[in-house]
Amino acid sequence: MNDAILTALFECPQLSWERAELPLMVPIRTSAATYESREVLALRLRAIVAGVPVEGFGECSPLPGWSTETISEVELALRGLARNLPAQKGLCLAPEHLNAALGNLASMPTLRFGLELAMLDALARQKSVPLAKLFADEAPIDLTYGVRLQSTHALDPPAITAGRVRVSIGESTRAAKLKVGLDPLETDVERIRLVREKCPNAAIRLDANRAFSMEQALTFAEAVAPFNIDFLEEPVACESVEEFAELSQKSAVPIAADESCSPPSFARELIAARAVRALVLKPMSLGGLLPTLTLIKLAENAGLRIVISNLIESAIGRRAAAHLVAGNPQLIALDGSHGLITGNWLKQDLAPERDKNLGGTLRLDDAPGLGFVPTPFAPGWEAT
């Protein structure tokens, strides 16, 4: 990324936002919570950069059961920030500058993500390039192929899950992520066996959302190892890097960190110790795309894999994460499928068009910025 991106000064910044509830197609059941809808905050930033008015969009959407802040707390913080921003000399994306401008609010990762994204989006629109191009700089990018998608499935009866994975994955080598840990071991194993039977080439990923004790996790890993598991995400609520390292050493299947990747400081410790084989990074919970990119590069150097995922966000956050992947095709750590298919779970979204994800990839528009104006801010939206 060009350093000029980090130092561009946003003068006279003004924030506005819209709160929206996006109903899900069907309730999503995990070991952490059951979700029937997704409440999100769409953010708009207007400012002056190099004497030119700019506009960009972001999203602040904490997920109940996952995020430490609530959406009401974020909205309250935005009100205070909107009042105080005009008094500041300006904003820029350099991490130390943005954190200083936010003060205590920098500890709210979803708020920081939304503001940082709005600034990045504004710069990309000003330059008339897709958001991914900011990360790629002069390197060529191909948005027409898009980002390879992982197929994610909630806790449904085994035969139903297997049928759905077959429809989604077929004979391909794409990843299928299955929630585990809420049903009895025998049910989870049967679900995995049927998926492997119907999708012999799929990379099967399992997500327990910390449902197990250490002993239960090792027993579970032993039971599912015959089905060629890609990795098992966050089976235990490990409290230290050493616990993760012990779990990885004893487990019959590779271990990945998910919830534990937030805060980023702990993710950096996991990477430095190579205590896991893969990390699932959600930019919304890490405070932005740029902090996420820092972790990706550390993992690249450590020879670890990265899956970019999201908190069931609207098209704003979801496609921003896809631009981060598309803008870094040279990074081996990003090879494989990513957890960005959740637009299919939403009855309504904040983009004028649904995600273009037929064929197992999320294709992105080469229009400036995110590629669309979020519907709450689109001309005439109030009238519809």
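The side chain of Lys 179 makes a polar contact with the side chain of Asp 207, at 2.8 Å. A polar contact is a pair of N or O atoms within 3.5 Å; within protein, one must be able to donate a hydrogen and the other to accept it, and residues adjacent in sequence count only if both atoms are side-chain atoms. This is a predicted model, where local features need pLDDT of at least 70, side-chain atom pairs count only at pLDDT 80 or more, and totals for chains, interfaces and linings use all residues. Residues are numbered from 1 along each chain as its sequence is written, and side-chain values use heavy atoms, with hydrogens and water left out.

**The annotated lysines**

- UniProt, in an unreviewed entry, places the feature "active site" at Lys 179 and Lys 282. Its positions are given in the numbering used here, feature names are shortened, and annotations may be inferred rather than shown by experiment.
- Lys 179 sits in strand 6, residues 175-179. Helices (H or I, at least four residues) and strands (E, at least two) are DSSP runs, numbered from the N terminus.
- Lys 179 counts as buried because its relative accessible area is 12%. Buried means under 20% relative accessible area, exposed over 50%, and partly exposed in between (1.4 Å probe, protein chains only).
- Lys 282 lies in the loop between strand 10 (278-281) and helix 11 (283-286). Lys 282 is buried too, with a relative accessible area of 6%.
- The side chain of Lys 282 has a polar contact of 2.6 Å with the side chain of Asp 258.
- Not counting residues up to four places away in sequence, Lys 282 touches Trp 66, Asp 258, Ser 309, Asn 310 and Leu 311. Contact means heavy atoms within 4.5 Å.

**Asp 355 and two arginines**

- Asp 355 is in the loop between helix 13 (315-326) and strand 12 (361-362). Its relative accessibility is 12%, so Asp 355 counts as buried.
- Its side chain makes polar contacts with the side chains of Arg 318 (2.7 Å) and Arg 319 (2.8 Å).
- Beyond residues up to four places away in sequence, Asp 355 touches residues including Leu 340, Gly 343 and Leu 362.

**Thr 173**

- Thr 173 is in the loop between helix 6 (158-169) and strand 6. At 47% relative accessibility, Thr 173 is partly exposed.
- A polar contact of 2.8 Å links the side chains of Thr 173 and Arg 148.
- Leaving aside neighbours within four places in sequence, Thr 173 is in contact with Arg 148, Asn 201, Ala 202 and Ala 203.
- Thr 173 and Gly 336 are 163 residues apart along the chain, and their C-alpha atoms are separated by 9.3 Å.

**Helix 7 and helix 8**

- Two packed helices are described by the angle between their axes and the distance between the axes.
- Helix 7 (residues 185-198) packs with helix 8 (residues 214-224) at an angle of about 35 degrees, and their axes are 10 Å apart. Axes are lines fitted to C-alpha atoms, for helices over the stretch in contact, and angles run from 0 to 180 degrees between N-to-C directions.
- Leu 185, Asp 188, Val 189 and Ile 192 of helix 7 meet Thr 219, Phe 220, Ala 223 and Val 224 of helix 8. The residues of this contact divide into six nonpolar, one polar and one charged.

Notes. Ala, Val, Leu, Ile, Met, Phe, Trp, Tyr, Cys and Pro count as nonpolar, Asp, Glu, Lys and Arg as charged, and the others, Gly among them, as polar.
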